[in-house]
Amino acid sequence: MEGSHMGLLLFFCSSMLFAAFAAASSRNLPIIPFDEGYAPLFGDSNLVIHRDGKSVHLSLDERTGSGFVSHDLYLHGYFSASIKLPSDYTAGVVVAFYMSNGDMFQNNHDEIDFEFLGNIRGKDWRIQTNVYGNGSTNIGREERYGLWFDPADDFHQYTIVWTDSQIIFYVDNVPIREVTRTESMGGDFPSKPMTLYATIWDASDWATNGGKYRVNYKYAPYVAEFSDLVLHGCAVDPIEQHVAKCDNAPQSSEATTTIPSSGVTPAQRIKMENFRKKHMTYSYCYDKVRYKVPPSECVISSQEAERLRRFDPVTFGSGRRHHGKRHRRSRGSQTEAAASF
Ligand SMILES: *[C@@H]1O[C@H](CO)[C@@H](O)[C@H](O)[C@H]1NC(C)=O
């Protein structure tokens with residue numbers, strides 16, 4: 001990973017594509033068949049490919065969960081899937097759509113996560129996002145949100161845009177979180193090539209009310225459906241570690257005429273702020289139990305602090321001791337998640 005040659009290539013690749021990734025929307029981007037972009041990861045027959053190879057079902061039953069992984073490693077890009085989550089009772093179930101290089105860098109891996117946490121009947125799925133850079137797993141940067149729709153009713157698009165200066169999470173083209181690289185984050189901003197993963201697995205110990213509600217296999221199989229898979233980035237040769245191929249910028253007027261200094265346009269920013277006001281239920285930046293002083297990249301809004309404090313006075317309040325809050329290492333996604341919600 002040290003070659004200056006590689007560094008130069010990566011630099012050009014990511015600078016050129018910055019605007020394109022940031023302004024892209026999936027309708028401009030090629031949807032690739034499963035076999036072209038991915039391979040099964042685990043769960044044998046619990047992974048089923050449908051519809052001309054363009055849609056994949058991942059299921060969890062009492063035997064196993066399942067998952068798939070991209071063939072290539074990518075440094076930066078636009079990564080997206082339409083996902084329909086299992087319905088009804090899904091407590092303890094986690095569906096994850098994430099990037100990681102944990103299998104190559106055991107002690108200093110990078111990770112960018114969407115995690116969907118199941119729930120008991122009548123209660124909604126929750127989404128969690130998180131970012132780790134260079135093995136910074138001691139600093140969780142989780143956020144959690146509700147959604148403005150039931151993600152088990154229909155397909156919705158979930159997107160990770162990753163450039164050398166920003167990570168943006170989108171739900172149906174609404175940005176829900178923006179992580180801007182700051183000097184003080186140092187290596188905590190993901191900066192090494194990663195592969196893309198999708199998994200479903202049993203996270204009974206922490207996913208729902210800190211393990212209070214476990215997976216109930218009476219309702220199995222739990223099936224998560226994935227389609228419209230978009231992998232659009234700079235593929236990196238896993239052996240040589242240089243950029244083998246950067247996809248061209250999408251051919252759209254949007255991508256060529258909109259070159260915002262930030263990936264989020266002013267109109268999108270308003271949507272993002274509205275989403276966060278309405279639906280964010282947890283942010284590490286405001287967690288007084290975990291961080292006496294918020295990590296340096298946090299920009300604290302007093303309004304946000306007040307809103308979260310009303311929602312959960314123990315976590316976001318005076319910093320009193322919070323019983324029952326634990327952090328666990330989860331198996332399926334190499335992600336730590338706060339046990340309470
Ligand atoms: C990443 O971690 C490795 C090993 O812990 C360390 O040597 C290196 O300096 C770190 N890189 C950055 C950019 O922080």
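Author: First, a word on the record: UniProt positions are given in the numbering used here, feature names are shortened, and annotations may be inferred rather than shown by experiment. Residues count from 1 along each chain as its sequence is written. And this is a predicted model, in which local features need pLDDT of at least 70 and side-chain atom pairs count only at pLDDT 80 or more, while totals for chains, interfaces and linings use all residues.

So, the flagged spot. UniProt, in an unreviewed entry, puts the feature "active site" at Glu111 and Glu115. (Strands, E, of at least two residues and helices, H or I, of at least four are DSSP runs, numbered from the N terminus.)

Are these glutamates buried or exposed? A residue is called buried if 20 or more other C-beta atoms lie within 10 Å of its own, exposed if 12 or fewer, and partly exposed in between, with C-beta atoms placed from the backbone. Glutamate 111 counts as buried because it has 22 C-beta neighbours inside 10 Å. Glutamate 115 is buried as well, because its count inside 10 Å is 24.

Now zoom out to the sheet that holds E7. Eight strands make up an open sheet, in the order E1-E4-E13-E6-E7-E8-E9-E16, with antiparallel pairing. Its edges are strand E1 (38-42) and strand E16 (280-283), each pairing on one side only. On average, neighbouring strands here are turned by 15° against each other, direction ignored; the axes behind that angle are lines fitted to C-alpha atoms, for helices over the stretch in contact, and angles run from 0 to 180 degrees between N-to-C directions. Two strands pair if DSSP finds at least two bridges between them. Strand E6 (residues 93-100) and strand E13 (residues 195-202), for instance, are antiparallel partners over eight bridges, and serine 100 stands opposite threonine 195 in E13.

What about the ligand? Asn108, Asn134, Gly135, Gly186 and Gly187 surround it, where a residue is near a molecule or strand if its C-beta atom, placed from the backbone, lies within 6 Å of it. By class, that shell has five polar residues, no nonpolar and no charged ones. (Ala, Val, Leu, Ile, Met, Phe, Trp, Tyr, Cys and Pro count as nonpolar, Asp, Glu, Lys and Arg as charged, and the others, Gly among them, as polar.)

Then there's the greasy part. A nonpolar core is a set of buried Ala, Val, Leu, Ile, Met, Phe, Trp, Tyr and Cys residues joined through C-beta atoms within 7 Å. The largest one has 64 residues, and Val94 and Ile160 touch the most other members. Its largest share, nine residues, comes from strand E14 (residues 222-236).

E14 also pairs with E3, antiparallel, over six bridges, with glutamate 225 in E14 as the bridge partner of histidine 57. Serine 55 in E3 is the bridge partner of histidine 50. Four residues lie between the strands of this hairpin, and arginine 51 takes a positive phi near 45° there.
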